Amino acid sequence: MKAIVWTKYGSPDVLEFRDVEKPVPKPNEVLIKIYATTVTAGDCEMRALKFPFILSLPMRLWIGFSKPKPDTIPGTELAGEIEAVGADVKEFKVGDQVFGSAGMGFGANAEYICLPEKPGEMEGGVAIKPANMTYEEAATVPFGGRDALHFLRLGNLQPGQKILINGAGGSIGTFAVQLARHFGAQVTAVDSTAKLDMLRSLGADRVIDYTREDFTKNSQVYDVIFDVVGTLSFSRSAKSIKRDGTYLLANPVNSQMLRGLWVRMTSSRKVVMQTASGTIAALTYLRELIEAGIIRTFIDRSYPLEQIVEAHRYVETGQKQGNVVITVKPINNT
Ligand SMILES: NC(=O)c1ccc[n+]([C@@H]2O[C@H](COP(=O)([O-])OP(=O)(O)OC[C@H]3O[C@@H](n4cnc5c(N)ncnc54)[C@H](OP(=O)(O)O)[C@@H]3O)[C@@H](O)[C@H]2O)c1
């Protein structure tokens, strides 16, 4: 099968479009023919091993110390069709249309992947795809949708509360805006100029262009601040969050990790910094919201698998609105 293979850490040029062996499902696995996958900011960070110091060592231990382990295939999100099932698989059958995550084993930027029917917390897995989404649309949900849901649930957002989402225009933020609205919150979305119309169209009550306005200076106070992008300063934003408010940090940088621990110890504010986990229950919940017309996705650009280098280059510019999709056209089905 064709796949993207990644043999060193570095610029997008380290990604190679190659032939690799097609995987064979174990008794507890399904074999998925992938029709669409994505490139996220997280994929670019992993490719370049660009992580805060505290995370860098565990990531090296996981992916490979000085270079990725042999035959590492990047990509975490996918949508496709089940082509074969292992002998012990009960809940899926050949032909099921699914969407899901490759998990920390990666492997979604390829024509095929095997995933367990019942994954563990950090493993990848699939659920039946929303009936009203194309494969391209469905492939954008598992990472951004799952992570947005994970953090907003930890924020215990209540109807009528105010939330500010910083870095709202990307994969996680565009789902967070819609989910927060669904939970009944008043949503302020912060991002750069070009993304504000999209954020309004997704339901943000208020948008702030961070290139022109500093939200910490406008005297608004929020119950929850969700910093998706990792640019929040605790000291500057202290006046913008209630005394018992919650900071949610999806991408904490070194200084935020240290200051976050200090804020936790010295104030009544809650600080949530963690890696999102759990896939199948979240995907099933998101599918129900998508089929009910409550949330949708926003696709900026789409590239064929063989142009993944260009897709990574584009995502790295930061201009991506919502999601970048990779379409996978099987070239050789053997
Ligand atoms: N904790 C976890 O479990 C977890 C899981 C997945 C991902 N993450 C991390 O979370 C981060 C966000 O992921 P994502 O996929 O949503 O990223 P994304 O798609 O790149 O979105 C980030 C958004 O933030 C905006 N932005 C950049 N600088 C900003 C600033 N100073 N103020 C406000 N907005 C700003 C960007 O727009 P402009 O560039 O136009 O400004 C972009 O729209 C990534 O670093 C990812 O690795 C964490």
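In this predicted model, 69% of the contacts in the protein chain between residues at least 6 apart in sequence join residues at least 24 apart. The protein chain contains 10 helices and 15 strands. Its radius of gyration is 20 Å, close to the 20 Å that the globule rule gives for 334 residues, so the chain is as compact as a globular protein of that length. Along the principal axes, the C-alpha trace spans about 60 × 45 × 35 Å. Of the 334 residues, 45% count as buried.

The domain assignment divides the protein chain as follows.

| Domain | Residues |
|---|---|
| domain 1 | 2-140 + 297-327 |
| domain 2 | 144-273 |

Taken over C-alpha atoms, the centres of domain 1 and domain 2 are separated by 27 Å. Domain 1 contributes 11 residues to the contact, and domain 2 contributes 12 residues. On the side of domain 1 that touches domain 2, the residues comprise 5 nonpolar, 5 polar and 1 charged.

Helix α1 covers residues 41-48, and its buried residues are Ala41, Asp43, Cys44, Met46 and Arg47. An α-helix has 3.6 residues a turn, so residues three or four places apart point the same way. Which elements cover the buried residues of α1? Among them are the strands β1 (2-6), β2 (15-19) and β3 (29-39), together with the helices α2 (53-63), α5 (171-182) and α10 (308-316). Just after α1, Leu49 adopts a positive phi of about 50°.

Key
Residues are numbered from 1 along each chain as its sequence is written. This is a predicted model: local features need pLDDT of at least 70, side-chain atom pairs count only at pLDDT 80 or more; totals for chains, interfaces and linings use all residues. Domain bounds come from an automatic or database domain assignment. Two residues are in contact if their C-beta atoms, placed from the backbone, lie within 7 Å. Ala, Val, Leu, Ile, Met, Phe, Trp, Tyr, Cys and Pro count as nonpolar, Asp, Glu, Lys and Arg as charged, and the others, Gly among them, as polar. Helices (H or I, at least four residues) and strands (E, at least two) are DSSP runs, numbered from the N terminus. The radius of gyration is taken over C-alpha atoms; the globule rule is 2.2 Å times the number of residues to the power 0.38. A residue is buried if 20 or more other C-beta atoms lie within 10 Å of its own, exposed if 12 or fewer, and partly exposed in between; C-beta atoms are placed from the backbone.
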